[in-house]
Amino acid sequence: MPGGRRPRRRRRGGKSASCIDCLGEDILFEIFLRLPSLATLIRAALTCRAWRSAVASSPSFRRRFRALHPAPTLGLFFSPFGPVQYPNAPAFPAFVPTRRPDRDLAAAVRGGDFFLTSIQHLHGPDMPPCWDVFDCRDGFLMLNDWDECLLLLFNPLSRSNRGSFLSSEDILDDCRGCGVMVDPQFIYSEEDPSSFRVVWLAHDESRVRAAVFSSDTWEWRNLPWFQVLRRPRADRQWVMKGMQANGMFIYWVCNNRESIITLDTTTMEFSLSDLPQYLRNREVNFVIGETRNGAPCIVYAFELFVGVFLRTTDDTGVERWELGRLVDLGTRIQHLLRDLPDDLDEMMNVVAIRNGFVYLATSKMHHDPRNPCWFLSLCLETMELEKLFQRTFDGDVCPYVLSWPRSLVGNYGKFALEVAP
């Protein structure tokens, strides 16, 4: 060119000065942290092997992402009613999605098997389904077949079956009087997707013991009997259904609403403590779970008030429950649920807690199926209330929370890192 130099031609096949494949992990993680939800992260991380490996091999990134983006709830599973009492109700566990306006979450529900069709064949073509929901953690449903004494772990999202195994046969050995088994609890490891445990509690007239199933041995192991009551109880069942906090502690409340039986899952030792005085009122319903940071908590409801007890340790090392927060939800409920009938019960019911989110119902569980019931979620950190859906019948509730897929935790199976020869 006159008066100047010719522009340099770009070589064919030459690489651009910057490309997305050249991003370092630190920059990649900062981009991923700005994604709106776990569902979006899963889609992005599975785009290529390098991105999947970066997320899967970094526990610190997963902790940061969980802190910024709580795992969303896809919906609630409801245990089926008995066919005799409710002949028109479904005999299989029912799932109701939360219907949040997130395309990735909606796509996850559409792509999963939340009707549980993948396991219906396990009963044979001529046998009706008889699965009941016991627990729901880490994306897996723990289902029970009472007829076959069989437990099954099934993931509706991945349509994968982690395995089935018989319930503990000798947990009631050496019991005094009539022994009773309480619903089991599923415990998983966030950083080892291949490992899990199931804890099944049994009690006789004054003691409790637990049977522990381990995925390492695929066998049950009985813990020693633990004395709870000074005097034998004539009640056939004096221990309520178990509740757990972050997989570290499992709690069973005695039916007299005075004591709590606690199992530390790290030491597998039982302990006995007092239930807070206010919760001994049978008009107050409560659930034990965990806050967003994993700390144990008790959330209770009385009328339209919701309170939170936190587990604290005093100067002498003694642990106890202390009231941390009490909130009146009346105005917020009225704002959310304007179309409710005038004869709505002035009572909220706590039905479940997961990862710092409390699930509430506007009617008592097992209510009259002719009356509608609204289900809501409450964030313990912000106290933000969200309307989920309405149902005309219900059973025991298990929230289904979107979990980290096994392909994004460590390098296992077909996702193992390739080693250069």
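A residue is called buried at under 20% relative accessible area, exposed at over 50%, and partly exposed in between, using a 1.4 Å probe and protein chains only. Helices (H or I, at least four residues) and strands (E, at least two) are DSSP runs numbered from the N terminus. The model is predicted: local features need pLDDT of at least 70, side-chain atom pairs count only at pLDDT 80 or more, and totals for chains, interfaces and linings use all residues. Residues are numbered from 1 along each chain as its sequence is written, and side-chain values use heavy atoms, with hydrogens and water left out.

The chain contains six helices and 24 strands. Of its 421 residues, 48% are buried. Contacts (heavy atoms within 4.5 Å) were considered at a separation of 6 or more; residues 24 or more positions apart account for 51% of these. The chain exposes about 22,800 Å², with accessible areas taken from the Shrake-Rupley method with a 1.4 Å probe, where for residues only the protein chains shown count as cover.

Helix H3 spans residues 49–56. Six of its eight residues are buried, so H3 is largely enclosed by the rest of the structure. The buried residues are Trp 51, Arg 52, Ser 53, Ala 54, Val 55 and Ala 56. Their cover includes H1, H2 and helix H4 (59–68).

In soluble globular proteins, nonpolar side chains tend to be buried together. A nonpolar core is defined here as a set of buried Ala, Val, Leu, Ile, Met, Phe, Trp, Tyr and Cys residues joined through side-chain atoms within 4.5 Å. The largest such core has 38 residues. Within this core, Phe 32, Phe 61 and Trp 404 touch the most other members. Helix H2 (residues 38–45) gives the largest share, six residues. A second, separate core holds 36 residues, among them Ile 260, Phe 286, Val 306 and Leu 329. Phe 61 contacts Phe 29, Phe 32, Leu 33, Leu 41, Val 55 and Trp 404, when neighbours within four places in sequence are set aside.

A nonpolar patch lies on the surface. Leu 23, Ile 27 and Ile 31 form this patch, with about 240 Å² of accessible area together. Patches are made of residues with over 30% relative accessible area and no salt bridge; like charges are joined within 9 Å, and nonpolar side chains (Val, Leu, Ile, Met, Phe, Trp, Tyr) within 5 Å. Leu 23 sits in the segment before helix H1 (25–33). Leu 23 counts as partly exposed because its relative accessibility is 32%.

Across the whole structure, a search finds 10 salt bridges. The criterion is a side-chain nitrogen of Lys or Arg within 4 Å of a carboxyl oxygen of Asp or Glu. Asp 104 and Arg 43 meet in one of them, at 2.6 Å from N to O. This pair links distant parts of the chain: Asp 104 belongs to helix H5 (residues 103–111) and Arg 43 to helix H2, 61 residues apart. Asp 104 has 13% relative accessibility and so counts as buried. Arg 43, at 60%, is exposed.

Asp 138 and Arg 162 form another salt bridge, with the closest N and O atoms 3.9 Å apart. This pair also links distant parts of the chain. Asp 138 lies in the loop between strand S3 (131–137) and strand S4 (140–145), and Arg 162 lies in strand S6 (residues 160–166), 24 residues apart. Both Asp 138 and Arg 162 are buried. Elsewhere, salt bridges that share partners join Glu 30, Arg 34 and Arg 64 into one network. Within it, the closest N and O atoms of Arg 34 and Glu 30 are 3.4 Å apart. Arg 34 is exposed, with a relative accessible area of 64%. Glu 30 is partly exposed at 33%.

The structure holds zero disulfides, a disulfide being a pair of cysteine sulfur atoms within 2.5 Å. For Cys 136, the nearest cysteine sulfur is that of Cys 398, 6.0 Å away. Cys 136 is buried at 3% relative accessibility. Cys 254 is likewise buried, with a relative accessible area of 1%.

Thr 331 is placed in helix H6 (residues 330–336). Thr 331 is exposed, with a relative accessible area of 64%. Thr 331 and Leu 304 are 27 residues apart in sequence and 9.2 Å apart in space, C-alpha to C-alpha.
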